[in-house]
Amino acid sequence: TVTPPAKSDRTNLSIDPQRLWDSLMDTARFGGTAKGGICRLTLSDDDRRVRDWFKRACEAIGCTVTVDDCGNMFARRPGKRADLPPICMGSHLDTQPTGGKFDGVLGVLGALEVMRTLHATGYETNAPLEIINWTNEEGSRFAPAMLASGVFAGAFTREFAYSRRDRDCKEFQSELARIGYRGSEPVGQRKIGAMFELHIEQGPILEAEGKMIGVVTGVQGMRWYEVTVQGQAAHTGATPMHLRKNALLGAARMVEQIDAIAMKHAPDAVGTVGLMEVRPNSRNVVPGEVFFCVDFRHPDEAVLETMEQEFRAALKATIEPLGLSYDEKRIWDSPAVRFDAEMIDCVRGGAEKAGYATRDMVSGAGHDAAYIARVAPTTMIFVPCAGGVSHNESESTSFEECGAGAQVLLEAVLAYDQR
Ligand code: HGY
Ligand code: MN
Ligand code: MN
Ligand code: MN
């Protein structure tokens with residue numbers, strides 16, 4: 001981990017890193033796993049528990065909590081000027097199935113720590129402040145990712161989100177109602193003056209360079225595809241090799257092709273097949289059908305376009321000669337975004353004031369901030385995670401790094417409020 005430099009002339013307000021850490025560890029029990037990670041899928045009972053905890057904690061410091069009809073939560077602290085749109089601090093409380101203790105939740109509880117610090121000192125901001133918990137950032141249970149912030153920003157309709165089904169065919173809207181978080185406020189109705197998102201980097205750069213704070217200038221473009229390869233289920237013992245229509249053989253070759261396309265456009269491109277379903281998935285049946293998902297990312301939309309064309313050409317050239325057929329559709333396209341220059345300066349200045357070394361960077365991972373940047377000035381603050389590992393139960397960000405991130409969030413929000 002990165003050890004912070006000696007404290008320099010810090011602002012007269014300092015967050016309480018122990019209180020933040022205790023909240024992170026306390027809420028980690030909602031969906032906590034034996035390996036020390038968190039499995040808190042969106043709209044699950046564990047998601048409900050952490051939402052209830054978060055609502056109580058915000059109300060305990062005088063915030064009013066509003067929930068919209070996509071389950072997004074807004075905890076508001078008044079400022080001197082009610083006429084000003086709120087300065088927001090947002091992220092997400094849902095996790096991957098093998099998630100860690102910091103992805104998303106650090107941004108929400110780091111924001112809570114900022115509010116607790118202001119509450120304890122009676123500091124009054126000009127603009128109101130709001131903490132936002134965005135529903136279904138991960139896109140693991142209900143695809144695509146960043147679903148509810150996407151609806152808020154107009155990237156998807158509410159009806160699209162409501163109709164999304166998980167692998168057990170449960171619908172988003174019924175699960176939202178089931179856990180009691182289908183609020184009454186129409187999604188997208190409320191004004192956001194600006195949004196800061198504190199988040200772990202989820203990559204190796206900050207730790208490798210010994211920097212504490214990532215000054216995030218934007219998020220790379222992301223595209224998701226769903227592919228179904230059709231062959232013919234057959235007996236593994238009685239079917240000669242030359243007569244088979246093995247859907248898994250085609251899918252396996254495509255995994256190689258997708259990797260090769262990303263490598264061709266490296267180092268900035270990434271390409272992954274992370275989800276695959278073999279059907280009927282029986283040890284003595286030649287796979288008749290395979291479903292898999294593709295995740296391509298790159299900072300430059302033109303290169304993403306090229307990767308898409310190469311992917312579709314490879315599909316045709318790989319699958320058809322094996323006597324197989326396929327369906328392919330792009331289900332998600334989140335273009336590259338650049339964040340707000342003034343807010344980026346507030347983050348940089350806040351880090352310098354708090355005495356932390358910084359590094360400008362583009363986010364490899366997707367975040368709610370990528371959508372909110374469409375409707376309000378937005379930026380992000382990164383802190384390191386050990387070995388750059390995330391979306392893994394061993395995800396680890398240190399006490400100092402969490403505290404540093406929340407302190408810089410405080411400094412940046414106050415600087416932006418006083419600009
Ligand atoms: O996919 C992503 O980058 C995000 O973590 N949901
Ligand atoms: Mn996240
Ligand atoms: Mn994530
Ligand atoms: Mn994310």
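Leaving aside neighbours within four places in sequence, Thr27 is in contact with Arg40, Val50, Trp53, Val105 and Leu109, where contact means heavy atoms within 4.5 Å. Thr27 is found in helix 1 (residues 17–27); helices (H or I, at least four residues) and strands (E, at least two) are DSSP runs, numbered from the N terminus. Because its relative accessibility is 1%, Thr27 counts as buried. Buried stands for under 20% relative accessible area, exposed for over 50%, and partly exposed for values in between (1.4 Å probe, protein chains only). A polar atom of the Thr27 side chain lies 3.2 Å from the backbone oxygen of Leu24.

The structure is a predicted model, in which local features need pLDDT of at least 70 and side-chain atom pairs count only at pLDDT 80 or more, while totals for chains, interfaces and linings use all residues. Residues are numbered from 1 along each chain as its sequence is written, chains are lettered from A and ligands numbered from 1 in the order in which they are written, and side-chain values use heavy atoms, with hydrogens and water left out.

Manganese ions were examined next. The manganese ion (ligand 3) is coordinated at 2.1 to 2.5 Å by Asp103 (OD), Glu138 (OE), Glu138 (OE) and His391 (NE2). Donors are N, O and S atoms within 2.8 Å of the metal (3.2 Å for Na, K and Ca), and sites may look incomplete because water is not among the atoms. The spacing of these donor residues in sequence is D-x34-E-x252-H. Glu138 lies in the loop between strand 4 and helix 4, and His391 in the loop between strand 15 (378–383) and helix 12 (399–417), so the pair ties together parts that are 253 residues apart in sequence. Glu138 counts as buried at 5% relative accessibility, whereas His391, at 38%, counts as partly exposed. Asp103 bridges the manganese ion (ligand 3) and the manganese ion (ligand 2), which lie 3.4 Å apart.

The manganese ion (ligand 4) is 3.1 Å from the manganese ion (ligand 2). Glu137 (OE) and Gly366 (O) coordinate the manganese ion (ligand 4) at 2.2 Å. Glu137 belongs to the loop between strand 4 (129–133) and helix 4 (147–152) and Gly366 to the loop between strand 14 (358–363) and helix 11 (368–372), so this pair ties together parts that are 229 residues apart in sequence. Both Glu137 and Gly366 are buried.

An open sheet is formed by four strands in the order 9-11-7-12, with antiparallel pairing; two strands pair if DSSP finds at least two bridges between them. Strand 9 (270–279) and strand 12 (325–334) are the edge strands, each pairing on one side only. Strand 7 (residues 221–230) and strand 11 (residues 289–298) run antiparallel and are joined by 10 bridges. Trp224 stands opposite Asp295 in strand 11.

Helix 9 (residues 301–319) lies across strand 7, strand 9, strand 11 and strand 12, and runs at about 10° to strand 7. Axes are lines fitted to C-alpha atoms, for helices over the stretch in contact, with angles from 0 to 180 degrees between N-to-C directions. Met254 lies in helix 8 (residues 247–264) and, at 0% relative accessibility, counts as buried. Apart from neighbours within four places in sequence, Met254 is in contact with Phe292, Phe311, Ala314, Leu315, Thr318 and Ile319.

Note on methods:
Polar contact = N/O pair within 3.5 Å; in protein donor to acceptor, adjacent residues only side chain to side chain.
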